[in-house]
Amino acid sequence: MSEKKRKRHEQREERPAKKVAIAPATNTTVKVKYIEDKDALGPVIASTPGLSFPTDIPLKAYKTDTRILPPGVETLPYQLLLHSSEHRKLDYLAQEEKDGSAETHLKNYIGVYDPATAEMQLMEVRKLTVRTTLRSEIEELREEKEKRAAKSATMTARRHALGMEFGSKKSRKAIIERTENAISRGQNATDSNGAAADPSTDAVASAVLNNMEKTTTAMPTRKELATAIDESKPRPKANLEAESAKDVYPIDVIVGKELMTAISVKDWVDAAENGEALTVGSRFVAKRMNKLAKNGESKDIKKLKVLRFILLGMNLLASLKAHGKGAKSLPKREKLLEVLGAGGAVLDGLRRRFVSESNDLTRWHVDHLITHICAAALIVDDFEVDVNDLRDDLKLENKDIKHYFLEIGCRVTNPTETERTKMKITKAETVNHSIAKLKLPLVFPRAARTGAGKKR
């Protein structure tokens with residue numbers, strides 16, 4: 001046996017066969033006690049992913065639990081938050097994050113063993129994640145949230161005001177009941193024993209009333225509501241300060257300076273001077289174009305252009321393609337130029353004034369164009385129009401054409417005996433003839449209140 005092998009063999013023989021006991025074995029039973037962190041907060045494990053957290057910043061601990069307890073459950077584990085605003089620019093927030101992974105469902109515990117009492121105390125260790133936010137961004141978000149809340153409250157107040165003014169009887173009753181319930185809910189509340197509720201509910205009701213007072217100061221008045229509704233209607237803007245009928249709807253408002261410059265009536269004037277007949281697709285226009293275009297003092301180029309504007313509007317309406325109950329679309333540009341019989345400048349001017357950005361006409365746009373045609377007809381006929389020809393040209397019912405003239409402030413009546421003689425019609429023919437007159441003061445139709453409906 002070599003020298004090295006002999007030495008290793010001797011060393012193995014010197015080692016004891018049994019392990020030396022470090023401490024004497026005892027039969028003492030260890031008691032394990034679980035401590036709930038109800039009163040005092042226990043230790044936590046905090047991770048700071050992607051963050052260098054300074055050790056000199058203290059964190060304040062908060063317990064939160066806004067969950068509703070199910071029947072039979074007295075307590076639920078609270079939610080722990082650690083927060084600090086000690087940094088001059090940053091806010092630190094540590095909270096439990098549940099991302100749905102398996103690790104989020106694991107619980108960590110810490111144990112402390114006391115040999116003197118042979119007792120092991122266990123306590124759950126919460127695992128938190130520390131995040132940081134820029135304080136200026138939080139302030140901006142808070143201010144934006146307050147602005148949205150104020151705007152929402154103002155819009156709600158306006159909707160309620162509109163409902164009280166123009167809503168049905170049922171909707172007005174619902175608004176009144178909702179307001180009364182919001183105020184009386186705190187005043188009439190009782191606890192589970194039937195006793196009066198906490199006096200703090202009076203403060204809640206007072207806060208509601210104060211908030212309502214602040215909100216109602218921004219509510220529009222009845223006059224402002226009526227003005228807003230009038231301005232939103234599809235009709236030309238009337239000059240309410242006009243002293244004569246001719247100033248209520250000026251040509252620059254009805255036709256516009258751009259279209260008045262682009263519209264040409266030279267072919268009508270030349271045809272009238274040469275005694276040539278022109279064919280147009282409007283009875284209203286055909287009856288007036290020669291009279292206005294002939295030589296002499298009666299020639300009126302401005303009224304001729306307004307008359308052509310009426311024809312252009314009628315042709316534009318006739319070219320529309322219906323798609324069910326939705327908006328009506330225009331044909332292609334080349335086809336539309338052919339239908340209008342005008343240049344590109346006229347077409348572009350009409351588009352900008354009466355066509356939507358999506359190149360179609362909704363019901364609002366159609367009404368907007370027809371009311372402008374009616375106002376233009378008043379200008380041509382010196383503010384007294386027989387609506388019969390316009391009704392046929394626009395393919396409308398009697399009640400519809402009357403409604404359009406009423407919307408622009410006219411008074412629509414049956415022809416008098418003098419007017420029948422001038423129009424050369426019999427009394428029986430007056431059924432299809434109505435005279436729309438624009439007189440001061442203007443009388444616009446009031447917004448109709450929808451009733452609660454007839455009882456069955």
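**Entry 1: one valine.** I looked up Val 253 and got 31% relative accessibility, so Val 253 counts as partly exposed. Val 253 sits in helix α6, residues 251–254. Helices here are DSSP runs of H or I with at least four residues, strands are runs of E with at least two, and both are numbered from the N terminus.

Which residues does Val 253 touch, leaving aside neighbours within four places in sequence? I found Lys 237, Arg 353 and His 372 in contact with Val 253; contact means heavy atoms within 4.5 Å. I also checked His 372 along the chain: Val 253 and His 372 are 119 residues apart in sequence, and their C-alpha atoms are 9.2 Å apart in space.

**Entry 2: a note on the source.** I must remember that this is a predicted model, where local features need pLDDT of at least 70 and side-chain atom pairs count only at pLDDT 80 or more, while totals for chains, interfaces and linings use all residues. Residues are numbered from 1 along each chain as its sequence is written, and side-chain values use heavy atoms, with hydrogens and water left out.

**Entry 3: α9 and α10.** I looked at helix α9 (residues 283–293) against helix α10 (residues 301–318) and noted an angle of about 160 degrees, with the axes 10 Å apart. Axes are lines fitted to C-alpha atoms, for helices over the stretch in contact, and angles run from 0 to 180 degrees between N-to-C directions. The two helices are therefore roughly antiparallel; the cut-offs are under 35 degrees for roughly parallel, over 145 for roughly antiparallel, 65 to 115 for roughly perpendicular, and oblique for the rest. Among the residues making the contact are Phe 284 and Leu 292 of α9 and Leu 304 and Ile 310 of α10.

**Entry 4: α13 and α15.** Next I checked helix α13 (residues 363–380) and helix α15 (residues 398–407), which pack at about 75 degrees with axes 9 Å apart. That makes α13 roughly perpendicular to α15. Their contact includes Ile 370 and Cys 374 of α13, and Tyr 404 of α15.

**Entry 5: the whole chain.** I ended with the overview: the protein chain has 16 helices and 12 strands. Of its 456 residues, 30% count as buried.

Methods:
Buried < 20%, exposed > 50% of the residue type's maximum accessible area, 1.4 Å probe, protein only.
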